[in-house]
Amino acid sequence: MQTSILGLLRHVSLSLSISLFFSVVSLISHRLAYLQALRFYGSYNVTVKDIRVINSPQTHIKFDSCDGVKVRNISILSPPYSPNTDGIHLQNTQDAEICDSYIENGDDCVSVQTGSSNLAIHDITCDGGHGISVGGLGRGQTQACVSNITVQDVVIRNSQNGVRIKTWQGGFGSVRSVTYKNIFVVNISNPIIIDQFYCDGTKCKNQSSAVQVSGINYHNIRGTYSKSSPLHFACSDTVPCTSISLAQVVLLPQHGYYVDDPFCWNIYGNSETPTIPPLHCLQHGTPPSKGIKQSSIDDSC
Ligand SMILES: *[C@@H]1O[C@H](CO)[C@@H](O)[C@H](O)[C@H]1NC(C)=O
Ligand SMILES: *[C@@H]1O[C@H](CO)[C@@H](O)[C@H](O)[C@H]1NC(C)=O
Ligand SMILES: *[C@@H]1O[C@H](CO)[C@@H](O)[C@H](O)[C@H]1NC(C)=O
Ligand SMILES: *[C@@H]1O[C@H](CO)[C@@H](O)[C@H](O)[C@H]1NC(C)=O
Ligand SMILES: *[C@@H]1O[C@H](CO)[C@@H](O)[C@H](O)[C@H]1NC(C)=O
C-alpha cells in the first residue's frame, strides 16, 4: 500500500516544479507509515531539483536502496508541530549529495538510516524540527552500517537538535567517519548529541551490545542553545564512542544560564582547541581494551 508518486525509477533526471499538498484528515493510522510524498526505490543516478514539497503526511522525500543521488534547490515546508515529517530520508543509499536547499518541518531535517554511505550534505538550512540525524540505528537487535558522511556549511535553527547520532541498545554494526563542518546553530535544545541509549518513549532495558560510533569530527560548530545541554554524549557502557574529535566548537546560551558541565558518558577522543563550554569529561586517547565486546567491534560492516 504505497502512496509514492514515483516508485521504481532508473536513469532518471527529474526536474519538476510542483507543489504537493496532502490532506491527512481521512487517513487511518496503520497507513501512516507509508505516507511519504516522494519515494525513490532501487534507483540509480537520480537528480531531484527545483521543486517544493509541502505538508507531506509523513516523510517528504525518501530514497531507499538508491545509488547516485543529487538533491539540489528544493524546499520542504511543513509546520514545526507536525509529527514524523522527516525532510529527506536516506536508507541503504550511497553516493548522495544534498545541497542548496531549505527544509522547514517537524521531524528530522535530514535522516540518515542504515546502509547509507558516501553522503555529502551541504549548503542547506533546517528550521523547526529535529535537526540532522543519523539513526535511530540498531533497533530490535539489528545491524546498522553507516559511514563516510559529511555535513558542511549548514544552518540549523529553532530545532530540538543540531547534529545528532542516535542508536538503540542491543544493536550491532557501526557508524564511522562522520564530519560536521561549519555548522551554525540558532536556538537549538541539543546542538551536538550522540545518544546510544535512544528509546522512543517506550521502556528500553540496558543491553550490552551496541552500534559502535567512531571517527566523528566536529569542526567549527557555533551558535546558541536554548536548553541546558549544548553538548551531550551518552555512549554505551560496553562499546564506548571512540575517535571523537572537536575543534572550534563555540556554543553559548540563547538566554539564561551558561552551562559549564556538558554531559559525557564513555566518550573518547580529543579536543584540538578548547570548546565552549569546556568538555572536561571527554576522555583522551583510546579506551582500555578490556571490557569492550569484541563481537561489536568485528561488526562486518
Ligand atoms: C551512474 O553514473 C555514473 C557516473 O556518471 C556511471 O558511471 C554509472 O554507470 C551510472 N549508473 C547507472 C546504473 O547508470
Ligand atoms: C530553484 O527552484 C525554484 C522553484 O522552486 C525556481 O523558481 C528557481 O529558479 C530555482 N533556482 C535555480 C538557481 O535554479
Ligand atoms: C566519501 O564520500 C565522498 C562523497 O560524499 C566520496 O567522494 C569519497 O570518495 C568517499 N570516501 C571514501 C573513503 O569512500
Ligand atoms: C526557539 O525554538 C523553539 C523550537 O525548539 C520555538 O518554539 C521557539 O519559537 C524558538 N524561539 C525563537 C525566539 O524563535
Ligand atoms: C542503563 O545504563 C546507564 C549507564 O550505565 C545508567 O545510567 C542507567 O541507570 C541504566 N538504566 C537501567 C534501567 O538500568
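Which residues are around ligand 4?

## Ligand 4

In this predicted model, the residues around ligand 4 are Asn158, Ser159, Gln160, Asn187 and Ser226. By class, this shell holds five polar residues, with no nonpolar and no charged ones.

## Confidence

The mean pLDDT of the chain is 88, and 85% of the residues reach at least 70. The exception to note is the stretch of residues 1-30, where the pLDDT is below 50. Where pLDDT is low, the predicted coordinates should not be read in detail.

## Overall composition

The chain has 301 residues, of which 43% count as buried. Its secondary structure consists of one helix and 21 strands.

Among contacts in the chain with a separation of 6 or more, 74% join residues 24 or more positions apart.

## Strand pairing around E7

Strand E7 (residues 67-72) pairs with two strands described here, E4 and E10. With strand E4 (residues 44-49), the pairing is parallel and runs over five bridges. Within this part of the model, Lys49 has Arg72 of E7 as its bridge partner.

With strand E10 (residues 94-105), E7 again pairs in the parallel sense, over five bridges. Here the bridge partner of Asp67 is Gln94, in E10. In a regular strand the side chains alternate between the two faces of the sheet.

Asn84 sits in the loop that links strand E8 (75-77) to strand E9 (88-91). Is Asn84 buried, partly exposed or exposed? Asn84 is partly exposed, because 15 other C-beta atoms lie within 10 Å, a count between the limits of 12 or fewer for exposed and 20 or more for buried.

Apart from neighbours within four places in sequence, Asn84 is in contact with Gln58 and Asp107. A further spatial relation involves Gly106: the C-alpha atoms of Asn84 and Gly106 are separated by 6.7 Å, while the two residues are 22 residues apart along the chain.

Technical notes: Residues are numbered from 1 along each chain as its sequence is written. Chains are lettered from A and ligands numbered from 1 in the order in which they are written. This is a predicted model: local features need pLDDT of at least 70, side-chain atom pairs count only at pLDDT 80 or more; totals for chains, interfaces and linings use all residues. pLDDT is the predictor's confidence in each residue, from 0 to 100. Two residues are in contact if their C-beta atoms, placed from the backbone, lie within 7 Å. A residue is near a molecule or strand if its C-beta atom, placed from the backbone, lies within 6 Å of it. Ala, Val, Leu, Ile, Met, Phe, Trp, Tyr, Cys and Pro count as nonpolar, Asp, Glu, Lys and Arg as charged, and the others, Gly among them, as polar. Helices (H or I, at least four residues) and strands (E, at least two) are DSSP runs, numbered from the N terminus. Two strands pair if DSSP finds at least two bridges between them.
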